[in-house]
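Reader: I've got some "how do you know" questions about a model. Can we go through them one at a time?

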Amino acid sequence: FFFLMIRRPPRSTQSRSSAASDVYKRQLPMFLGVPADVTNFNEKDNSFSLELKDNPLNDYVELPEALSGLNYSSIIAGAIRGALEMLQYRAKVEVVKDTLKGDDKNEIRVELKEIISLKLDE
């Protein structure tokens with residue numbers, strides 16, 4: 001996801017934030033079946049939030065009180081983090097809000113930490 005955003009921004013936009021919005025609006029529905037809005041960019045354009053319109057992982061799930069600390073939706077955050085690492089980007093991806101825990105929306109925060117450089121043994 002992030003690779004496309006940095007390497008080839010859409011022709012109609014020049015900023016990284018606009019490119020991220022465009023890529024995530026197209027890629028998340030295609031791969032996860034979940035549409036998302038991209039919001040809350042920081043000043044450096046390396047951190048933003050994904051607000052998921054619906055979370056299919058929350059359908060037919062109720063967390064018992066004993067497991068209220070379980071982040072059931074973190075699997076989506078892990079999939080995003082894994083995809084970014086496959087593209088050589090280290091990122092912090094975490095679930096900030098989850099409707100399963102009583103929040104008003106589903107929000108995942110993505111923060112680019114570094115570009116991983118490959119070191120080949122000679």
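Reader: Which element supplies the largest share of the lining of the largest cavity, and how do you know?

Author: That's β4, with 3 residues. The strand names come from DSSP runs (E, at least two residues; helices are H or I, at least four), numbered from the N terminus. Before we go on: this is a predicted model, so local features need pLDDT of at least 70 and side-chain atom pairs count only at pLDDT 80 or more, while totals for chains, interfaces and linings use all residues. Residues are numbered from 1 along each chain as its sequence is written, and side-chain values use heavy atoms, with hydrogens and water left out.

Reader: What makes a space a cavity here, and how many cavities are there?

Author: On a 1 Å grid over the protein atoms alone, a cavity is a set of points where a 1.4 Å probe fits but cannot get out. Points are joined across faces, edges and corners, and the volume is the space filled by probe spheres set on them. With the cut-off at 30 Å³ or more, the count is 1 cavity, and the largest cavity holds about 30 Å³.

Reader: Which residues line the largest cavity, and what makes a residue part of the lining?

Author: A lining residue has an atom within 4 Å of a point. That gives Leu52, Asn55, Ser73, Val95, Lys97, Asp98, Asn106, Glu107 and Ile108. Both β3 (89-97) and β4 (106-115) put at least two residues into the lining.

Reader: How do the lining residues divide by type?

Author: Into 3 nonpolar, 3 polar and 3 charged. The rule: Ala, Val, Leu, Ile, Met, Phe, Trp, Tyr, Cys and Pro are nonpolar, Asp, Glu, Lys and Arg are charged, and the others, Gly among them, are polar.

Reader: What makes β3 and β4 a pair?

Author: Two strands pair if DSSP finds at least two bridges between them. β3 and β4 have 8 bridges, antiparallel, so they qualify. Val95 has Ile108 as its bridge partner in β4, and Tyr89 sits opposite Ile115 in β4. β2 and β4 also run antiparallel, joined by 6 bridges, with Leu52 opposite Asn106 in β4.

Reader: Why is Lys92 called partly exposed?

Author: Buried means under 20% relative accessible area, exposed over 50%, and partly exposed in between (1.4 Å probe, protein chains only). Lys92 has 41%, so it is partly exposed. Lys92 belongs to strand β3 and, leaving out residues up to four places away in sequence, touches Arg109, Val110, Glu111 and Lys113, where contact means heavy atoms within 4.5 Å.

Definitions and conventions: On a 1 Å grid over the protein atoms alone, a cavity is a set of points where a 1.4 Å probe fits but cannot get out, and a pocket is an open set with protein on both sides within 12 Å along at least five of seven lines; lining residues have an atom within 4 Å of a point.
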